[in-house]
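Subject: Handing over the structure

Hi,

Here is the structure I promised to pass on to you. Have a look at it first, then read my notes below.

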Amino acid sequence: MASRAFLITVIVVVAAAVTPALAADYMVGDNAGWNLGVNFTTWAAGKDFRVGDTIMFMYTPGTHNVLKVNGPDFNQCVSSNASAVPLTSGNDVIALSTPGKKWYICDVADHCSKGMKLVITVSAAEGPIPAPVPGSPALTPPATSAAGGVSPLKSCVWMVAVMAAYKIIMA
């Protein structure tokens, strides 16, 4: 009986270790996308960006771009980094791999000075996505790419592991 208890303990520890962390995918500006006329400060307010999450800038290619800058450049709507290359695909996905403040601007014409700029703070904590506040558009259905989720493959692997562990325990 002691070996069965040990086996259960090992299975619980392994299951906890392989359970995928839930990462969120945020579409900047939600359905409005990365465009003029969107208040990106309001959009980012209340969101809990974490290491492992991604942010997606969606726009019509050729009309905007995305340039990562530092704080002072963000405030002045410029880029002092001559080697910085803006993203221009119209479907730009950025993985949030480090904690801290992140600043992004559109450096097409005067778009940044007209509000096309985003600052977020990424926390070091990886973990589950917090439940959205009722009435808040913080997390929208997957069709808009703003909801986080677990990959179906990881879920399937985890479920097979749990079923195999159950079979071993019950044998």
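Among contacts in the chain between residues at least 6 apart in sequence, what percentage join residues at least 24 apart? It comes to 71%, where a contact means heavy atoms within 4.5 Å.

Before you go on, a word on how to read this: it is a predicted model, so local features need pLDDT of at least 70, side-chain atom pairs count only at pLDDT 80 or more, and totals for chains, interfaces and linings use all residues. Residues are numbered from 1 along each chain as its sequence is written, and side-chain values use heavy atoms, with hydrogens and water left out.

**The chain as a whole**

You'll find 4 helices and 7 strands. These are DSSP runs numbered from the N terminus, with helices being H or I of at least four residues and strands being E of at least two. Going along the sequence, the pattern reads α-β-α-β-β-β-α-β-β-β-α. Of the 171 residues, 32% are buried; that label means under 20% relative accessible area, while exposed is over 50% and partly exposed is in between (1.4 Å probe, protein chains only). The accessible surface is about 9,900 Å², and carbon and sulfur atoms own 66% of that. Those areas come from the Shrake-Rupley method with a 1.4 Å probe, and for residues only the protein chains shown count as cover.

**A sheet to look at**

Next, find the open sheet of 3 strands, which runs in the order E1-E3-E5 with mixed pairing. Two strands pair if DSSP finds at least two bridges between them. Strands E1 (25-27) and E5 (91-95) are the edges, each pairing on one side only. E1 and E3 (residues 54-58) are parallel, over 3 bridges, whereas E3 and E5 are antiparallel, over 5 bridges.

You can trace some of the partners yourself. Methionine 27 has methionine 56 in E3 as its bridge partner, and tyrosine 26 stands opposite isoleucine 55 in E3. Isoleucine 55 in turn has isoleucine 94 in E5 as a bridge partner. E3 is mostly covered, with 4 of its 5 residues buried.

**Aromatic rings**

The whole structure holds 5 aromatic pairs. Rings of Phe, Tyr and Trp (its six-membered ring) pair if their centres lie within 6.5 Å; planes under 30 degrees apart are stacked, over 60 edge-to-face, and the rest tilted. Phenylalanine 57 and tyrosine 104 have ring centres 5.4 Å apart and planes at 55 degrees, so this pair is tilted. Phenylalanine 57 sits in strand E3 and tyrosine 104 in strand E6 (residues 100-105), so the pair ties together parts 47 residues apart in sequence. Both phenylalanine 57 and tyrosine 104 are buried. Ring pairs also link Trp34, Phe40, Phe57 and Tyr104 into a cluster.

**Salt bridges**

How many salt bridges are there? The count is 2, taking a salt bridge as a side-chain nitrogen of Lys or Arg within 4 Å of a carboxyl oxygen of Asp or Glu. One joins arginine 50 to aspartate 48, with the closest N and O atoms 2.7 Å apart. Arginine 50 counts as buried because its relative accessibility is 19%, and aspartate 48, at 25%, counts as partly exposed. Another joins lysine 114 to aspartate 110, at 3.6 Å from N to O. Here lysine 114 is exposed at 54% relative accessibility, and aspartate 110 is partly exposed at 37%.
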